Amino acid sequence: WTPPDGALCILQAQLEMCDILVMAYGEVQGKCSRCEYYQYSDISGDSFKKVPMPSYFPSGDQLTVTCSSDARLFQPVVTPGSGDIATIGVPMARLSCVSGEWRGEALGKNRWATLDDLTCVPCVQVGSQDMKAQVDAGVQEVHMLSYHVMKASYGYDSPGCKSAGMNTASPFFFLSPSRASQEVTVDGKQRVVAKTKDLQSTIWYFHGRSLRVQYNASSRAFHCLAIVLDDHGVKPQVRVEQCAALGTQRWQIDQSHRVYTDQVIGSPKIPEKPRSLRYCLVLESSGERVVGAKLCDSVHPADQWYFSGGNCMWSMDPVDVDKRMFVYRTQGRAAPGLHDKPEEQPLEMLGCLPSMCGNKEEGMSYEGLGVCKADFKVGLPGTSIEALRAPMFNEAWLPMQSPNCPDQDSAGFAQPQIRECFRNQSERAKRAYQLSKAMRVHTLQAAGWDDCSSQPGDLTSGVPIGVEHDIYSGGPTPFGSAANPVLDTACCRLCLASTACSHWTRTSHRDANGGEKRNQKCKLFSGDPGQPKKDDTMRWGEPPSQYFSGQLLTCPPGVEPQEDNATNMTWSLCGQGVSVPEWALQFPMVSVFHDMPGNVSQMVADPNSVVSTRVICPAVGHTKGRNASAVDTQAFFSVLREQAYYHDVGAGPTKPPFSASEPDFMDMGLDVVRLGYWSLVGGGSLVWGLACGPGAVAYVSANVPVSCIWADAGPDNVITTAMSGSATCRKGQAVSGWYNLPGEPVYGYTRLGGPKRNESSGLQVTCRQVPGLTTMCSPPKDPYCPADHVVGGIEYQSADDSLKYICCAVMRSVSLKMTAYARMGKKQRPFEGYYCPARLDNTGHGYYKRTNIRQIGEPNPNGLINDENATLFWNRFTQEWTLRSNGNDGHVNAYTLKGDELDP
């Protein structure tokens, strides 16, 4: 499809997107407006000379008659020589006012053409049998959409996608407000530069969090983008290296299409530790136009990067229009000489992580869209439902101090804890500073799962840890492949779960006959691995040396509990239907805080307490020998929305006011809990302190007690208040965290962290500006918010442990826009398109030719545009409409339009 020429009306792009959304969704919600106003500068000066038609014309005045752009004008004329009258097509006709009549072309003595002799014959659209079936069913728009590519976007308009994977790899572009879009590629110096005619195109994609490029069709080595320091260790430079030699550098692209990293790799000559500054990619505007890196704060906010294809480019094929069931496919883009014919990738809903599903050797490989739906269940060993729900027996006070407390505690010791302030207060008031039972789901993430690789051989040195672990049933997240990289990642995850694990072994995934083995088990070891023994039936590996942990959920135990007598486990739900990035599900972990034998309350983080994750992941990919699955439109739009608005990991506990001195990033241990970080108090009814990561805000619902949801939020606005437990954000802002919800001023121990004594803190609430946040806010009445709402304010009453939220609706917008890209897997027949009458035969039937009507756009730009190559006419001998087209090879193709209509 190509858009029409001419002036564009104001907001035309938005109005077209509204139409596309209605057609793609299959249901009208509201009304799409029509074009009414034009930009003054886009209209030719002649348009402003128009005046209303007068009611009276003096003799000699003339009228010019034309037809609309989708019709052709015909008028009778006298044939030279014979004097016969024939009807011909003309671009316009003129009529003169003579003796009170409008007279046109003379048609002989005392005869002339009148207005009644002028005829506008409309053009027609010719299509296939599929089109006829859809038109007859009244859903012709479904047929039209099935041939075109739509682009999904989320609040920011961009010519392309913000993400592409291995299956949808595409050329990479930079867009600046002052310049046109520019494709980038790799030159002979391994620099990323603006593409010129002398340089070959490249295709780019994200693999996990590495940004990869393929620029040599004959090489199978993977190449990654990296920012490295120059030889002086000062200036950052962007270049491409083999991924194995470079290591893994994490890249991300934000909602405004800026590509950034928090890591900078030191120069080979001057080794440096990775720096924590955030650098963004930029394309220099002069010179050799090399891609460089700048601190993101200094980059123009309108600079954008995008993939010309990727997982935002979609097509849809009807399966059952009445039930709104379609097959959706993503579209990669071609790179001449490297990636000439990328395949369409059908959308599938998987019950496993896409990176852990499929088998390339069986013709199946999947690329996740990025975000999955997950249910988290925590299993506690040897615990009954009654014990799970029972309150903690011991009083576990937060180890805080307060300037309002006595100088000495009841035993005469200095620096008393916060409990001394509540000695004479009610039990409910005390519970606001007493830790409660809690299940804390967080995610362990290696610097790069590419490091989870294995080598052939047997490495059994060291001390075995536990028993063999079943890969297929023992992991926290399901997967379904026996390929080597998948099995390596599975063993790597199990090894990371044990702080003592130094290496692991497993059997090869192929038996002696080359068949796939499905009984893989991992053996974990601690201590010195020694030297491996040569053994082709075994493989071994080590866990990544760099990893970090991020908090996902905190919830009280006992939610929908289930006892499993076979395993002596009691399971409790902790979050249902949570949209989580796939990378955060690679290894979910759980830490459980509850009473332990010996009357000591402490954190439990061992293999006996586990988290089970049920996932539904949208993915696209090759499915050899399988039919693509149909998805209803509502589910499809939910998938698109979840890719932009998802549950994100919390901010780390090292920043104020938590200020953890030595946090245990491995298991979010007891010290972090005692600081109040995502910690439950008040009998499990509220979170004492919460911190969301950049761009995220607080989210609470009936199914998710507390979490952070990505909303492209702005910078922090910290509110400090003397009112215990109550704070409201400004209009347009939502809560992204709080500290010390009950409000009694506190300071922490130097060893653990927390505010300093001279900086004691009462209630702190952090707010952030949220795009699309509405003014539709409900007063504080419930301890949770409805779906599609975020927290705009909090109200806590310590007298009765009452926690309520001000909930504000936020627009999670998803837009669909028609693109000019031709679909790869389904193309219209060359003859399909618009046909306009070129002449009328002596029976009055039209003789039509293929025509590009520029004023209304072209539905089949790859068809036969030349009107000499395709003709449509009424065959009076067969009494049928006949279409003839001349192919590029000179062959004449003839088609018959079945039916008894006298007009096409």
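Trainee: Why is Cys 97 called buried?

Mentor: Its relative accessible area is 10%, and buried means under 20%, so Cys 97 gets the label. Keep in mind that this is a predicted model.

Trainee: What makes Cys 67 and Cys 120 a disulfide?

Mentor: Their sulfur atoms are 1.9 Å apart, and the cut-off is within 2.5 Å, so the pair counts as a disulfide. The torsion about that S-S bond is -95 degrees, a left-handed link. The two cysteines come from distant parts of the chain, 53 residues apart: Cys 67 sits in the loop between strand 1 and strand 2 (71-78), and Cys 120 in strand 6 (residues 119-122).

Trainee: Is Cys 67 buried or exposed?

Mentor: Buried, because its relative accessibility is 19% and the limit is under 20%.

Trainee: And why is Cys 120 called partly exposed?

Mentor: Cys 120 has a relative accessible area of 42%. Buried needs under 20% and exposed needs over 50%, with partly exposed in between, so 42% makes Cys 120 partly exposed.

Trainee: How many disulfides does the structure hold?

Mentor: There are 11. Another one of them joins Cys 161 and Cys 312, with sulfur atoms 1.9 Å apart.

Trainee: Why is the disulfide of Cys 161 and Cys 312 called left-handed?

Mentor: Because the torsion about its S-S bond is about -90 degrees. Cys 161 lies in the loop between strand 8 (148-153) and strand 9 (172-176), while Cys 312 lies in strand 21 (residues 310-320), so the bond ties together parts that are 151 residues apart in sequence.

Trainee: Are Cys 161 and Cys 312 buried or exposed?

Mentor: Cys 161 comes out at 1% and Cys 312 at 6%. Buried means under 20%, so both cysteines are buried.

Trainee: What makes Cys 692 and Cys 708 a disulfide?

Mentor: Their S to S distance is 2.0 Å, and the requirement is within 2.5 Å, so the pair passes. With -85 degrees about the S-S bond, this link is left-handed. Cys 692 is in the loop between strand 43 (690-691) and strand 44 (696-699), and Cys 708 is in strand 45 (residues 707-710), 16 residues apart. Cys 692 is buried because its relative accessibility is 3%, and Cys 708 is buried because its value is 0%.

Trainee: Where is Leu 690 found, and why is it called buried?

Mentor: Leu 690 is in strand 43. Its relative accessible area is 2%, and the limit is under 20%, so Leu 690 is buried. Leaving aside neighbours within four places in sequence, Leu 690 is in contact with residues including Phe 658, Trp 678, Cys 708 and Trp 738.

Trainee: Which residues have the most contacts inside the largest nonpolar core?

Mentor: Ile 418, Tyr 433, Leu 690, Trp 738 and Tyr 805, in a core of 51 residues. Setting aside neighbours within four places in sequence, Trp 738 touches Leu 690 and Tyr 805, along with others including Phe 658, Trp 688 and Ile 794. Apart from that core lies another, of 27 residues, among them Cys 372, Val 378, Leu 388 and Val 592.

Trainee: How do you know that Ser 579 is buried?

Mentor: Its relative accessibility is 5%, and buried means under 20%, so Ser 579 qualifies. Ser 579 is in strand 35 (residues 578-581). Not counting residues up to four places away in sequence, Ser 579 touches several others, including Cys 372, Glu 642 and His 647.

Trainee: And why is Tyr 37 called exposed?

Mentor: Tyr 37 has 58% relative accessibility, and exposed means over 50%, so Tyr 37 is exposed. Tyr 37 is in the loop between helix 1 (12-25) and strand 1 (62-65). Together with Ile 10 and Leu 11, Tyr 37 makes a nonpolar surface patch of about 330 Å².

Trainee: What share of the protein chain is buried?

Mentor: Buried residues make up 50% of its 904 residues. The secondary structure comes to 10 helices and 58 strands.

Terms used. Residues are numbered from 1 along each chain as its sequence is written. This is a predicted model: local features need pLDDT of at least 70, side-chain atom pairs count only at pLDDT 80 or more; totals for chains, interfaces and linings use all residues. Side-chain values use heavy atoms; hydrogens and water are left out. Patches are made of residues with over 30% relative accessible area and no salt bridge: like charges are joined within 9 Å, nonpolar side chains (Val, Leu, Ile, Met, Phe, Trp, Tyr) within 5 Å. Accessible areas come from the Shrake-Rupley method with a 1.4 Å probe; for residues, only the protein chains shown count as cover. A salt bridge is a side-chain nitrogen of Lys or Arg within 4 Å of a carboxyl oxygen of Asp or Glu. Helices (H or I, at least four residues) and strands (E, at least two) are DSSP runs, numbered from the N terminus. Buried means under 20% relative accessible area, exposed over 50%, partly exposed in between (1.4 Å probe, protein chains only). A nonpolar core is a set of buried Ala, Val, Leu, Ile, Met, Phe, Trp, Tyr and Cys residues joined through side-chain atoms within 4.5 Å. Contact means heavy atoms within 4.5 Å.
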